[in-house]
Amino acid sequence: MTTADDYAVQIALKRGLVSAEQLAAAQQRTAGHTDLTTVAPSVLDILAADAALDQEALGRAVADEFGMPWVVLAERAIPAAILAALPR
């Protein structure tokens, strides 16, 4: 797990987004990954896949930790000039 993942997991635990039991189960599954032909899933990926962790709720919590607003870009109209400036 990366440092960023560690921090996100700490926030999720602190905010009650996941339980210690859910986290322990996800950590066991990651540690038990034995297929050397694939990358082991991250704890956050496992929690999200199991619907134990709502990714949007985690994003909102992380944003709040940093005092930043949460913005859902899908709900915003992005001006064509900005889209044109993005590399493709």
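User: How exposed is Glu56?

Analyst: Glu56 is partly exposed, with a relative accessible area of 37%. Buried means under 20%, exposed over 50%, and partly exposed in between (1.4 Å probe, protein chains only). The model is predicted: local features need pLDDT of at least 70, side-chain atom pairs need 80 or more, and totals for chains, interfaces and linings use all residues. Numbering runs from 1 along each chain as its sequence is written, and side-chain values use heavy atoms, without hydrogens or water.

User: Which residue meets Glu56 in a salt bridge?

Analyst: Arg60 does, with N to O at 2.8 Å. The cut-off for a salt bridge is a Lys or Arg side-chain nitrogen within 4 Å of an Asp or Glu carboxyl oxygen. Arg60 is partly exposed too, at 41% relative accessible area.

User: Why are Arg60 and Glu56 about one helical turn apart?

Analyst: An α-helix has 3.6 residues a turn, so residues three or four places apart point the same way. Arg60 and Glu56 are 4 residues apart in helix H4, so about one helical turn separates them. Helices are DSSP runs (H or I, at least four residues), numbered from the N terminus.

User: What caps the N-terminal end of H4?

Analyst: Asp54 does. One of its side-chain oxygens lies 2.8 Å from the backbone nitrogen of Glu56.

User: What follows H4?

Analyst: Gly67 follows H4, and its phi is positive, near 70°.

User: Which residues of H4 are buried?

Analyst: Leu58, Gly59, Ala61 and Ala63. The buried residues of H4 pack against H1 and H3.

User: How many salt bridges are there in the structure?

Analyst: There are 5. Side chains of opposite charge can pair when their charged atoms come close. Look at Arg15. Asp64 bridges to Arg15, with the closest N and O atoms 2.8 Å apart. That pair links distant parts of the chain: Asp64 sits in H4, Arg15 in the loop between H1 and H2, 49 residues apart. Glu65 also forms a salt bridge with Arg15, at 3.0 Å between the closest N and O atoms. Since Glu65 lies in H4 and Arg15 in the loop between H1 and H2, this pair ties together parts 50 residues apart in sequence.

User: Which residues make up the network of salt bridges?

Analyst: Lys14, Arg15, Asp64 and Glu65. Three of these side chains can be checked for cover. Asp64 is partly exposed at 48% relative accessibility. Arg15 is partly exposed at 35%. Glu65 is partly exposed at 25%.

User: What is Leu47 in contact with, beyond its neighbours within four places in sequence?

Analyst: Val18, Gln22, Leu23, Ala26, Ala52 and Leu53. Contact means heavy atoms within 4.5 Å.

User: Where does Ser42 lie, and is Ser42 buried or exposed?

Analyst: Ser42 is in the loop between H2 and H3. Ser42 is buried, at 18% relative accessible area. Its side chain reaches the backbone nitrogen of Asp45 at 3.0 Å. Leaving aside neighbours within four places in sequence, Ser42 is in contact with Asp5 and Thr30.

User: Which side chain makes a polar contact with the side chain of Asp50?

Analyst: Arg29, at 2.4 Å. A polar contact pairs N or O atoms within 3.5 Å; within protein, one must be able to donate a hydrogen and the other to accept it, and residues adjacent in sequence count only if both atoms are side-chain atoms. Asp50 lies in the loop between H3 and H4. Asp50 is partly exposed, with a relative accessible area of 45%.

User: Where is Val71?

Analyst: Val71 is in the loop between H4 (55–65) and H5 (80–85). Val71 is partly exposed, at 38% relative accessible area.

Key. Helices (H or I, at least four residues) and strands (E, at least two) are DSSP runs, numbered from the N terminus.
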